[in-house]
Amino acid sequence: MKIYDLIGIGFGPSNIALAITLEEQKQSGYGIESFFIEKQPNFAWHANMLLDNAHMQVSFLKDLATMRNPSSHFTFINYLHQKNRLQDFINLKTFFPSRHEFNDYLTWAASHFDHCCAYGEEVIEVLPEKRGDEVALLRIRSRNREQVVHERLTRNLVISIGGQPRIPESFAPLKGDPRVFHSNNYLKEIKHHPHAKKIAVVGGGQSAAEIFMDLHHRYEKDKAQVDLIMRARAIKPSDDSPFVNEIFNTDFTDYVFNSSDQQRTEILNEFWHTNYAAPDLVLIEQIFNVFYRQKVAGIERHRFLRRHEVKQAVSQNDGIQFVLHDLNTEQDRTATYDAVVLATGYNRDYHKLLLAPIMPYFRDMQVDRQYRLNSVAQFKPSVFLQGACESSHGLSDTLLSVTAVRTHEIAQALINTSNQTTSAQLKRAMPSAFAY
Ligand SMILES: Cc1cc2nc3c(=O)[nH]c(=O)nc-3n(C[C@H](O)[C@H](O)[C@H](O)COP(=O)(O)OP(=O)(O)OC[C@H]3O[C@@H](n4cnc5c(N)ncnc54)[C@H](O)[C@@H]3O)c2cc1C
Ligand SMILES: NC(=O)c1ccc[n+]([C@@H]2O[C@H](COP(=O)([O-])OP(=O)(O)OC[C@H]3O[C@@H](n4cnc5c(N)ncnc54)[C@H](OP(=O)(O)O)[C@@H]3O)[C@@H](O)[C@H]2O)c1
């Protein structure tokens, strides 16, 4: 069986950026043969949240390449140039393209790597390949939609699988009920509820805010009621003012990583709301405006249920019944909904399940500065994590902010790895897979 130098699980922005970095390393003479496995049938960037008016939350300059190599073929600016839109984009006068356009940019970038990415396969397991006492390689098992299992061997692994929907405990019994779905599936699911009269949106982050406005417009004609339910006292805006935004600079990663555990926790807590439970101010103003206009009209269509928690959610024939707990008054009341959107964020620990068979070889689940899990001496492969290192590397880890630079750090680690170097040197003259 063929042995790859590197297999990447997932082909979202993090691993596309890594594929680009490795491709550009080839020009400098380092040939690391990589392959990526993506469970979606084709590239799509959070496809079910591609809402009409949604915009990027970081500058387009924090694209897949610019921060590492501004002269790369894969910059957003070159994408615009290739698509003959550079001048039009300049006239837009924005740093924040629509999510539709950035998805198109990412799709364009990903399309350069069709020869080294298997779409429509979900990685289900990572197994050790032993040579004597040592784990020399990893066997990556994936399953396609026809339930056929594929196996591939690799010297190193990078897991970049993004987040998995966080479902609050009170909704666990409703798993499988088509009336309850996570924001991650919003566009796919909401179209099955064209006649909904009452809809709940749980959460107070960017996803909840965008979905609230989408529902407001989507059901304009039928005047469906949307309840925005959150535990917080207010919807607080994400702070992207310049001094605060410095926490997303690439050198801040060194500062966070080199801080003590206590300092790191303090930094994460202090800046938590730059990213989490923090919609853009403009969006918050739009929502406020909707409620204000209701007051002017004297008609209560939607409700803003702040300081409310869903204590219980029960499936009934006529809808999903909530027991809503008012955290201010400590009183409970019920409400029934035709559809429920859980905009309750994401967990980022699924890699532990994938790595379960090789868990004994990791000293802890901590990573070094180059995102590589600390392992015991007889475990030879390097296993890197992208997007699951927030606690050690800071709040930029789940975002696009440092992606381009992070992939350079991982590529350097790969090149420096002793079992890798031999293979990389052998292929020093390996030509690039494509010309551009
Ligand atoms: C709606 C939304 C909008 C966002 N907008 C921004 C923004 O504007 N700016 C910003 O900086 N960040 C934004 N983010 C944060 C987001 O995490 C990053 O933009 C970016 O998507 C991270 O890239 P990634 O490749 O690490 O993860 P993802 O984009 O999540 O990609 C992971 C990929 O791995 C695949 N995968 C998962 N499990 C498996 C498996 N077992 N086998 C095979 N494939 C698998 C998934 O299908 C997916 O394609 C947004 C997040 C969301 C949810
Ligand atoms: N256009 C865009 O660029 C765009 C769009 C969407 C998302 N994003 C990004 O995607 C990431 C995730 O954003 P998100 O809005 O999906 O998630 P999020 O910011 O993590 O917000 C999750 C929300 O759900 C609430 N919540 C979590 N668990 C809960 C529970 N058990 N019960 C009740 N409420 C609960 C949280 O409330 P508490 O605070 O009370 O815990 C919070 O309000 C962010 O990086 C965001 O910037 C970007």
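Begin by selecting the open sheet of five strands, which has the order 8-15-9-10-11 with parallel pairing; two strands pair if DSSP finds at least two bridges between them, and strands (E, at least two residues) are DSSP runs numbered from the N terminus, as are helices (H or I, at least four residues). Its edge strands, each pairing on one side only, are strand 8 (180-182) and strand 11 (303-305). This is a predicted model, in which local features need pLDDT of at least 70, side-chain atom pairs count only at pLDDT 80 or more, and totals for chains, interfaces and linings use all residues. Residues are numbered from 1 along each chain as its sequence is written, chains are lettered from A and ligands numbered from 1 in the order in which they are written, and side-chain values use heavy atoms, with hydrogens and water left out.

Next, colour strand 8 and strand 15 (residues 339-342), which run parallel and are joined by three bridges; histidine 182 has leucine 342 as its bridge partner in strand 15.

Now move to ligand 1, which 27 residues surround (each with a heavy atom within 4 Å of it), the closest being Ser14, Glu38, Gln57, Thr398 and Leu400. Show the side chain of glutamate 38, where a polar atom lies 2.6 Å from an oxygen atom of ligand 1.

Finally, select strand 4, which gives three residues, the largest share of the shell around ligand 1.

Methods
A polar contact is a pair of N or O atoms within 3.5 Å; within protein, one must be able to donate a hydrogen and the other to accept it, and residues adjacent in sequence count only if both atoms are side-chain atoms.
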